[in-house]
Amino acid sequence: MAAANLGGVGADSPERAAAAAAHRGVKAPTATSAPFAPGAVVAGATEPAQSGPEHVEQPVAYDAILLAGFGGPEGQDDVIPFLRNVTRGRGIPDERLEEVAHHYRHFGGVSPINEHNRQLKAALEAELARRGVDLPVIWGNRNWDPYMNDALREAGERGFTKLIAIATSAYSSYSSCRQYREDYADALEDTGLAGVVQIDKVRQFFDHPGFVTPFIEGVRDALAELEAEHPGLDRATQVEVLFATHSIPTADAAKSGPAERGFGEGGAYAAQHTAVAEVVMREAGASEVPWQLVYQSRSGPPTQPWLEPDVNDAIAELPAAGRKAVVIVPLGFVSDHMEVMWDLDEEAMETAEEHGLAAIRVPTPGVHPAYVSGLVDLVLERVNGTPTAERPHLTDLGPWYDVCRPGCCENARLGFKPALAGIAP
Ligand SMILES: CC1=C(CCC(=O)O)c2cc3nc(cc4[nH]c(cc5[nH]c(cc1n2)c(C)c5CCC(=O)O)c(CCC(=O)O)c4C)C(CCC(=O)O)=C3C
Ligand SMILES: [Fe+2]
């Protein structure tokens, strides 16, 4: 969410450092004794192996799919408790949270994200049934009901021991990948299922055709619509496509992806978005249209550098470059949640209007059939042990890792915390 400065006691607080340090000591090392599939790293492993496969090519008999969401409030009374969950450990007073809350308040305290995930779960179940795949889907959120702990308790009660997780987040970074993996580890500890339930994850799917196809269609349709509404509009000089994603601290960005790949400044996070945007422009038949990658929804103290440029600043520059229209592509998001409906549909659209630009925001994947069946493909890739060479990916960065590399996507401020489905530290 944008605007509010939630630096607060903030990133480098002693409380946080202490919490991180405490974490290192408390977990029992179980990696060597666990009867898990090669490539799986066990909850609580403090000294796991330093090497392992990047791609798991052996078939694994999973019991269920764990759909992992962010979670969001569903009424005014939920808003502050939800924001406390999101910002836990950062010591942010409720008055400051109320500044962020106004986006939610504006929509009756309801984020649509949980409803999106209910619909996605139903769509996945329908697609699994259509393909004759007998895998139940359990859904748990990081920050709101139904919580990850509830989902894992349910898994335990139903006797599931092998879960394949899909997080509703396509790219590599602390917030979009590793934080989910840490929360799986925490939830297994909380529910007493560490060492009993194995959680693997599907690879980050930023360049999977199922995720990219809706954006390709969206850009193609948006350009056609602009041209129909504005006869004579020259797409090569008067239109610009802005690919928008969530800003993150530059320090987190630099640590996104495996250290040894050396992605430079914006890390794997920026590299993945740039590579996907290129594919979208090409496949939408729009290679001649100018485009750039922009960021949105920054928070944190103003002194802390986050990825730039901000979408609104980028829009403000467009008229001087001769642009008359802008296409905004929410490339970083899987559904029209608050970041999209407020930061893009309210704020960025208003900025475009102020600058006299025609503007269209293209849809997120949502429950697009290509996206839903792509997610099922990603699960089946692991169920069937599909050879790496046969795994679809539209950029030369992929197919991304099944087992995250040491230090991958670490939080630049918190440092190491145990996480599943990867090799630590
Ligand atoms: C990369 C990324 C994604 C995309 C990947 C993914 O989808 O997981 C994402 C998604 C989301 N972020 C969301 C909401 C929030 N994110 C916050 C804070 C932050 N997000 C960050 C990054 C990301 N966030 C970061 C680096 C922070 C600062 C934390 C820190 O400094 O350590 C805050 C706290 C207030 C504030 O800081 O503004 C809120 C309320 C919602 C729910 C929306 C709804 O309710 O509809 C969703 C889907
Ligand atoms: Fe966020």
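This is a predicted model: local features need pLDDT of at least 70, side-chain atom pairs count only at pLDDT 80 or more; totals for chains, interfaces and linings use all residues.
You will find Y180 in helix 6, which runs over residues 174-190. Is Y180 buried or exposed? Y180 is buried, because 26 other C-beta atoms lie within 10 Å of its own, and the cut-off for a buried residue is 20 or more.

S111 sits in the loop between helix 3 (94-106) and helix 4 (113-130). S111 counts as buried because it has 24 other C-beta atoms within 10 Å. Which residues does S111 touch, not counting residues up to four places away in sequence? They are G72, P73, Y104, H337 and M338.

Some of these names return when you turn to ligand 1. This ligand is surrounded by 23 residues, and the closest are G72, S111, S299, H337 and M338. Helix 2 (76-86), helix 6 and helix 11 (338-354) each supply at least two residues of the shell around ligand 1. Sorted by class, that shell has 10 nonpolar, 12 polar and 1 charged residues.

Where in the chain does ligand 1 lie? To answer, you need the domains. The chain is divided into domain 1 (14-205 + 369-390) and domain 2 (209-361). Notice that domain 1 is written as two stretches of the chain, 14-205 and 369-390. Both domain 1 and domain 2 give residues to the shell around ligand 1, so the ligand lies between them.

The two domains also touch each other directly. In this contact, 21 residues of domain 1 meet 21 residues of domain 2. On the side of domain 1 that touches domain 2, the elements giving two or more residues are helix 3, helix 4, helix 6 and helix 12 (369-384). Helix 12 provides the largest share of that side, with 6 residues. By class, the side of domain 1 that touches domain 2 has 10 nonpolar, 10 polar and 1 charged residues.

Now move to a second pair of annotated residues. An unreviewed UniProt entry also gives the annotation "binding site" to H246 and E339. These residues span 94 residues in sequence, yet no two of their C-alpha atoms are more than 8.1 Å apart, so they gather at one spot. H246 belongs to strand 5 (residues 239-246), while E339 lies in helix 11. H246 counts as buried because it has 23 C-beta neighbours inside 10 Å. E339 is buried too, with 25 other C-beta atoms within 10 Å. Not counting residues up to four places away in sequence, H246 touches Q296, S297, G332 and E339.

Why does E308 count as exposed? The reason is that E308 has 12 C-beta neighbours inside 10 Å, and a residue with 12 or fewer is called exposed. E308 and Y295 are 13 residues apart along the chain, and their C-alpha atoms are separated by 5.8 Å.

Next, have a look at helix 5, which covers residues 148-157 and has M148, A151, L152 and A155 as buried residues. These four cover an arc of only 95° around the axis, which puts them on the same side of helix 5. What covers the buried residues of helix 5? The cover includes strand 1 (64-69), strand 2 (137-141), strand 3 (162-167) and helix 6, the helix in which Y180 is found. After helix 5 comes G159, whose phi is positive, near 75°.

Finally, step back to see the whole chain. Its secondary structure comes to 12 helices and 8 strands. Of its 425 residues, 49% count as buried. Among the contacts in the chain with a separation of 6 or more, 78% are between residues 24 or more positions apart. The pair H246 and E339 is one you can look up for yourself: the two residues touch.

Notes:
Residues are numbered from 1 along each chain as its sequence is written. Chains are lettered from A and ligands numbered from 1 in the order in which they are written. Two residues are in contact if their C-beta atoms, placed from the backbone, lie within 7 Å. The arc is that of the directions from the helix axis to the C-beta atoms. Domain bounds come from an automatic or database domain assignment. Ala, Val, Leu, Ile, Met, Phe, Trp, Tyr, Cys and Pro count as nonpolar, Asp, Glu, Lys and Arg as charged, and the others, Gly among them, as polar. A residue is near a molecule or strand if its C-beta atom, placed from the backbone, lies within 6 Å of it. UniProt positions are given in the numbering used here, feature names are shortened, and annotations may be inferred rather than shown by experiment.
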